[in-house]
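Me: I've just opened this one and I'm new to it. Can we go through it bit by bit?

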Amino acid sequence: MNAPLPRAWDSLRQSRGKRLERAASLGLHGKNGKEIPADRIIDLLEAVIERGDRVCLEGNNQKQADFLAESLADCDPARINHLQMVQSVLALPSHVDLFERGLASRLDFSFSGPQGARLAKLVQQQRIEIGAIHTYLELFGRYFLDLTPNVALIAAQAADAQGNLYLGPNTEDTPAIVEATAFKGGIVIAQVNERLDQLPRVDVPADWVDFTVLAPKPNYIEPLFTRDPAQITEVQVLMAMMAIKGIYAEYGVTRLNHGIGFDTAAIELLLPTYAAELGLKGKICTHWALNPHPTLIPAIESGFVESVHCFGSEVGMDPYIAARSDVFFTGADGSMRSNRAFCQTAGLYACDMFIGSTLQMDLAGNSSTATLGRITGFGGAPNMGSDPHGRRHASPAWLKAGREAYGPQATRGRKLVVQMVETFREHMAPVFVEELDAWQLQHSMGAELPPIMIHGDDVSHIVTEEGIANLLLCRTPEEREQAIRGVAGFTPVGMARDKAMVENLRDRGIVRRPEDLGINPRQASRGLLAARSVKDLVRWSGGLYAPPSRFRNW
Amino acid sequence: MEKLEFKFPSQALLAAAPPALCGVVGSGNLEILVRSGVDRQICEISVNTSARGFGETWRAVLATFAASQAVGGTSIAINDMGATPAVVSLRLAQALADYRGGAQ
């Protein structure tokens, strides 16, 4: 019998011990060994991070560990290099600096948003290797399998002397990151906005945290989910009316997620008016997986909404949320507890509907927000906007959609995945196209797959200003294509429709026009919105919503 | 500015009515004036638009409108500041509803 080769079974722990010793030898142990002065953060990072480490830099499209990101980018690339970054979002200039300065070489992520163009350039110059573009849940999942961070750099609201952390309303990704890192021999460093003797509540226990540093200024939070009702157009009102009457009401959608944008903001603002008029209060939109959209305030105040669980918080909404603890998830201290991993899980498995928007859609219903020269990623949309085959509990909306898709004997239901778009974007760019830019992008980036955000076979309905296409009822690829062309308006794709076939689809209720739904175009006016300005939202909130200054124009 | 003139056959609208004005001339928007026309089987439409080169799109949008609605016997004047087809179609539907409303 061959004796197994001797090996150490605690190399991660030993490595962790050496890293902490190096830090200690530099005098980097403040009170209780955890508090590090801000001016020594680079010394600390250079002491605990090793060449080739997997590093998670916390940041989503909301809160950002911006001080730690900038500090890491200022480290000496001769000492720290070949880092493999594993992080939700590439949002800050410093995130891209890591690659341009030679500190990091590989990236696994979910979303890049504003840095999409710089990222694409780095890929073309072969200065960055992209592992994969994930959804949030996939990336979190991989933190616990093959992408576990060696070092996590996170953002918290406050720390106490022991190193316990209070995350505040923007809990977001922190629990998932810290749990994976702290329990697999990793090092957790938190930047905090303040040090407190007594935390309002403990969100991360001290023994999961190695170092805390008081950031020179509070971590940045982007008000990403604030939509000014003043910018909602009448076409968006019309589309929102169609969605409410033709989808929400017909399926009795109670549990849902809304994507970000003015189209869905319009729906939120029609709940207290148009939906109430249709007698839908209590019958639709009661339970949400949603960031605290300010445009949801009128629906909450009107009694439409029973519960909202959030991925993160939204700037200015915290006092309102704290005062509506029946609706939002809040701690004993009163402030909200968000959690992206759980909210994404709710969006994937517990919601009956996702409705969102896209930049391009092809004739199979595939949609993509990737455009040439930009790598943007997906964030959470594919989790929300997909029919989960692992779902087993029934609900009326899910069953009805399932029977439409698979027939009356269906043994499974179907999530409603709705794409809501105007047929043209700004500058008359058509949303409906023969071929997505994603295919060209795949070739130019050398990627294994085209960056499709939502696959056509997951889409159940398309809403445009021209009407609603119900793809569940289509029985052949040809029907599907004509149903899509049939709502594609005056785009080249729409103009190339087979008119007779589209009329046939209309007779079968697969394509429906506003008049088929009994919608009066004269009602499609901004006057139907429950709030027509940010100031109206403040008024609805009883003065509790405090919008950021850029949204204040009074 | 570009000026476009169209004539489409359309089912006769039952009654003539006082003129109806809908919309405003603002960026991405348009105003539409519907009046009674001369020929009961024809819808006449004149377009003043700030966006040049979209004649064929206008023709398609307006032809669809005239084919799907009974608008014979109307004369429609449009002042446009770069509205998308979506806005044009909605405004046309609103203007026609206003015009018909006036006839009742």
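Me: Where in chain A is A:His427 found?
Reply: This is a predicted model, and in it A:His427 is in the loop of chain A between strand E16 (416–420) and helix H15 (437–445).

Me: Ok, and is A:His427 buried or exposed?
Reply: Exposed, because A:His427 has 7 other C-beta atoms within 10 Å, and a residue with 12 or fewer counts as exposed.

Me: What about the phi of A:His427?
Reply: The phi of A:His427 is positive, about 60 degrees, although this residue is not a glycine. As background, most residues other than glycine have a negative phi.

Me: Which phi does A:Glu172 have?
Reply: A:Glu172 has a positive phi too, of about 50 degrees, and is not a glycine either.

Me: And where does A:Glu172 sit?
Reply: In a loop of chain A, between strand E7 (165–166) and helix H7 (174–182).

Me: Buried or exposed, for A:Glu172?
Reply: Buried: A:Glu172 has 30 C-beta neighbours inside 10 Å, and the cut-off for buried is 20 or more.

Me: Switching to chain B. What secondary structure does chain B have?
Reply: Two helices and five strands. Starting at the N terminus, the order in chain B is β-β-β-β-α-β-α.

Me: What box do the C-alpha atoms of chain B fill?
Reply: Roughly 35 × 25 × 20 Å along the principal axes. The radius of gyration of chain B is 12 Å, which agrees with a compact globule, because a globule of 104 residues would come out near 13 Å.

Me: How many of the residues of chain B count as buried?
Reply: 37% of the 104 residues.

Me: And the contacts inside chain B, how many join residues at least 24 apart?
Reply: 86% of them, if you take the contacts between residues at least 6 apart in sequence.

Me: What pLDDT does chain B average?
Reply: Chain B averages 93, and 97% of its residues score at least 70. For the complex, the predictor gives an ipTM of 0.91 and a pTM of 0.94.

Me: Which feature does UniProt place at B:Ser27?
Reply: An unreviewed UniProt entry places "modified residue: O-(phosphoribosyl dephospho-coenzyme A)serine" there, at B:Ser27.

Me: Where does B:Ser27 lie in chain B?
Reply: In the loop between strand E2 (20–23) and strand E3 (30–36). B:Ser27 counts as exposed because it has 8 C-beta neighbours inside 10 Å.

Me: Which residues is B:Ser27 in contact with, leaving aside its neighbours within four places in sequence?
Reply: B:Met81 and B:Gly82.

Me: One more residue: where is B:Glu5 found?
Reply: B:Glu5 belongs to strand E1 of chain B, residues 2–9. With 8 C-beta neighbours inside 10 Å, B:Glu5 is counted as exposed.

Me: And what separates the C-alpha atoms of B:Glu5 and B:Phe65?
Reply: 15 Å, for two residues that are 60 apart along the chain.

Me: Last topic, then. How many residues does the contact take from chain A and from chain B?
Reply: Chain A gives 15 residues and chain B gives 13. On the chain A side, helix H8 (residues 234–251) supplies the largest share, three residues.

Me: How does that side of chain A split by class?
Reply: Eight nonpolar, three polar and four charged residues make up the side of chain A that touches chain B.

Key. Residues are numbered from 1 along each chain as its sequence is written. Chains are lettered from A and ligands numbered from 1 in the order in which they are written. This is a predicted model: local features need pLDDT of at least 70, side-chain atom pairs count only at pLDDT 80 or more; totals for chains, interfaces and linings use all residues. UniProt positions are given in the numbering used here, feature names are shortened, and annotations may be inferred rather than shown by experiment. Helices (H or I, at least four residues) and strands (E, at least two) are DSSP runs, numbered from the N terminus. Two residues are in contact if their C-beta atoms, placed from the backbone, lie within 7 Å. The radius of gyration is taken over C-alpha atoms; the globule rule is 2.2 Å times the number of residues to the power 0.38. pLDDT is the predictor's confidence in each residue, from 0 to 100. Ala, Val, Leu, Ile, Met, Phe, Trp, Tyr, Cys and Pro count as nonpolar, Asp, Glu, Lys and Arg as charged, and the others, Gly among them, as polar.
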